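Reader: Please walk me through this model, and tell me how to read each feature as we go.

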2 protein chains.
Amino acid sequence: MSNDRDGETEERILKAARTVFVRHGTAGARMQEIAEEAGVNQALLHYYFRSKDRLAQAVFRDVAGRMVPSIVAVFGSESSIEQKVEQFVHLYIDVVRQSPFIPGYIVAELHFNPERLTALAAEIAGTHPASVMQAFLPRLGAQIDEQVKIGAMRSIAPDQFLVNLVALCVFPFVARPVLRIVFGQDDAAFSRFLDERRRELPDFILNALRP
Amino acid sequence: MSNDRDGETEERILKAARTVFVRHGTAGARMQEIAEEAGVNQALLHYYFRSKDRLAQAVFRDVAGRMVPSIVAVFGSESSIEQKVEQFVHLYIDVVRQSPFIPGYIVAELHFNPERLTALAAEIAGTHPASVMQAFLPRLGAQIDEQVKIGAMRSIAPDQFLVNLVALCVFPFVARPVLRIVFGQDDAAFSRFLDERRRELPDFILNALRP
DNA sequence: CCTGGAGTTAATCAATCGATTAAACTATTC
DNA sequence: GAATAGTTTAATCGATTGATTAACTCCAGG
């Protein structure tokens, strides 16, 4: 085993851990399985990450943290609500369909280990000015109000708006077992379902917001 | 310890298991914790349920299976789409806000142990005529088509319609940690958020469907 | 060449965990 | 009271698990 001079071993462990944690969750993941997936000795997991919990936090930061820049880019921009909706829907569906197990994993971590999000939020707060995050909802709210005033949109609270948007993008992925088992949707059908969704969801949302 | 002649011990174990599984997930739940929660000796879990996995399946059946009758009632009825939307939103939010951890638990189980749903679906298929379940989507689709034809509604695929409806009801509960940690929503604020949502969500959905 | 530090390994540890066992207890029937 | 079946208990088991340990390898610097 060549020495890790460029962080390659650490990166291999992190990638393997991502695979295993996403598939089994934190409690269901096994360090030996991660070690095998990474092709290293189990002791290395502790050498590089100290404990299972720290490794799990690193994976969560890796997976969930990746979404933050693109989300901030969409909602921090000066584009219109319509554009934001369309960009977000397309971005989300396109990105997540490449890793369709991610939403289920994130929901599970949020549910069973919410401290992961607390830690991630603290970290992001360290790298982004607080004003960016705290101004998020009020800025969106101001944009909505402006549209309402000129009669272009119905009134909706910014948090409700966001929850609606994210819900409609996320849910097909977490509901996939239901679609498969109850409605008999195979992979090809799910893919068509997503294509259809990608095409029609922006209209659904924007129409809902029409006065 | 009085003898279990009326299923009381079994019921106590099941209730305790629900509490622990919902909180920690299947992999994270501990049999000894369930035994303590139920106030019985750990061996009883095996006596009554044979294994952890069977107990977990029993809990899933209990929790998820409870939703089925009311969902079938709403969507099997002859009421209009508008009424169905309103009934479902109110029913879902009212019921789930009493046990707000349930959606997170169900999503996690669907993700990590989809065979639970397979088993539950097989069981339901045994107690409901297959025609009820299989006709579900086509009937809804026919109802939608009828509304489209008379110009009362935009066209939408029944599965997309259902996913939208369920997504918008479920998601606030699974996103609760995000609302709390990122947007600083405390319990009172979350409750107000749900009240607002209960009031406005049917309109959001029905407006989205307006031609 | 030697030393120290970083990286890696196989083996082992100690604790935990789901599950089993044997015995005791309880209730019912004859 | 005895027998039987069902229920319950404390103790124990055997396997798994996250973590530790000691030894080894490699590299750079003195």
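Author: Gladly. In chain B, helix α4(B) passes α7(B) in a left-handed crossing. A crossing is left-handed if the near helix is turned anticlockwise from the far one by less than a right angle, and right-handed if clockwise. Helices (H or I, at least four residues) and strands (E, at least two) are DSSP runs, numbered from the N terminus. This is a predicted model, in which local features need pLDDT of at least 70 and side-chain atom pairs count only at pLDDT 80 or more, while totals for chains, interfaces and linings use all residues. Residues are numbered from 1 along each chain as its sequence is written, and chains are lettered from A and ligands numbered from 1 in the order in which they are written.

Reader: At what angle do α4(B) and α7(B) pack, and how far apart are their axes?

Author: Two packed helices are described by the angle between their axes and the distance between the axes. Here α4(B), residues 52-65, meets α7(B), residues 102-112, at about 125 degrees, and the axes are 11 Å apart. Axes are lines fitted to C-alpha atoms, for helices over the stretch in contact, and angles run from 0 to 180 degrees between N-to-C directions. The pair α4(B) and α7(B) is therefore oblique (under 35 degrees is roughly parallel, over 145 roughly antiparallel, 65 to 115 roughly perpendicular, the rest oblique).

Reader: Which residues make that contact of α4(B) with α7(B)?

Author: On α4(B) they are Phe60(B), Val63(B) and Ala64(B), and on α7(B) they are Ile102(B), Tyr105(B), Ile106(B) and Glu109(B). Contact means that the C-beta atoms, placed from the backbone, lie within 7 Å. By class, the contact of α4(B) with α7(B) has 6 nonpolar residues, no polar and 1 charged (Ala, Val, Leu, Ile, Met, Phe, Trp, Tyr, Cys and Pro are nonpolar; Asp, Glu, Lys and Arg charged; the others, Gly among them, polar).

Reader: Is the crossing of α4(B) and α8(B) left-handed or right-handed?

Author: The crossing of α4(B) and α8(B) is right-handed. The axes of α4(B) and α8(B), residues 115-127, come within 10 Å and cross at roughly 60 degrees. Gln57(B), Phe60(B), Arg61(B), Ala64(B) and Gly65(B) of α4(B) meet Arg116(B), Ala119(B), Leu120(B) and Glu123(B) of α8(B). That contact of α4(B) with α8(B) divides into 4 nonpolar, 2 polar and 3 charged residues.

Reader: Now chain A. How many helices and strands are there in chain A?

Author: Chain A has 13 helices and 0 strands. The C-alpha trace of chain A spans about 65 × 45 × 30 Å along its principal axes.

Reader: How do α1(A) and α4(A) pack?

Author: The angle between α1(A) and α4(A) is about 95 degrees, with the axes 9 Å apart, and the two helices are therefore roughly perpendicular. Residues in this contact include Leu14(A) and Phe21(A) of α1(A), and Leu55(A) and Val59(A) of α4(A). The contact of α1(A) with α4(A) holds 8 nonpolar, 1 polar and 2 charged residues.

Reader: Into which domains is chain A divided?

Author: Domain bounds come from an automatic or database domain assignment. For chain A they give domain 1 (8-62) and domain 2 (66-208), with C-alpha centres 28 Å apart. Contact between them involves 9 residues of domain 1 of chain A and 12 residues of domain 2 of chain A. On the domain 1 side, α1 (8-28) and α4 (52-65) of chain A each give two or more residues. The largest share, 5 residues, comes from α1(A). This side of domain 1 of chain A has 3 nonpolar, 3 polar and 3 charged residues.

Reader: How many residues does the contact take from chain A and from chain B?

Author: The contact takes 43 residues from chain A and 43 residues from chain B. On the chain A side, α11(A) supplies the largest share, 11 residues. By class, that side of chain A has 29 nonpolar, 9 polar and 5 charged residues.

Terms used: Two residues are in contact if their C-beta atoms, placed from the backbone, lie within 7 Å.
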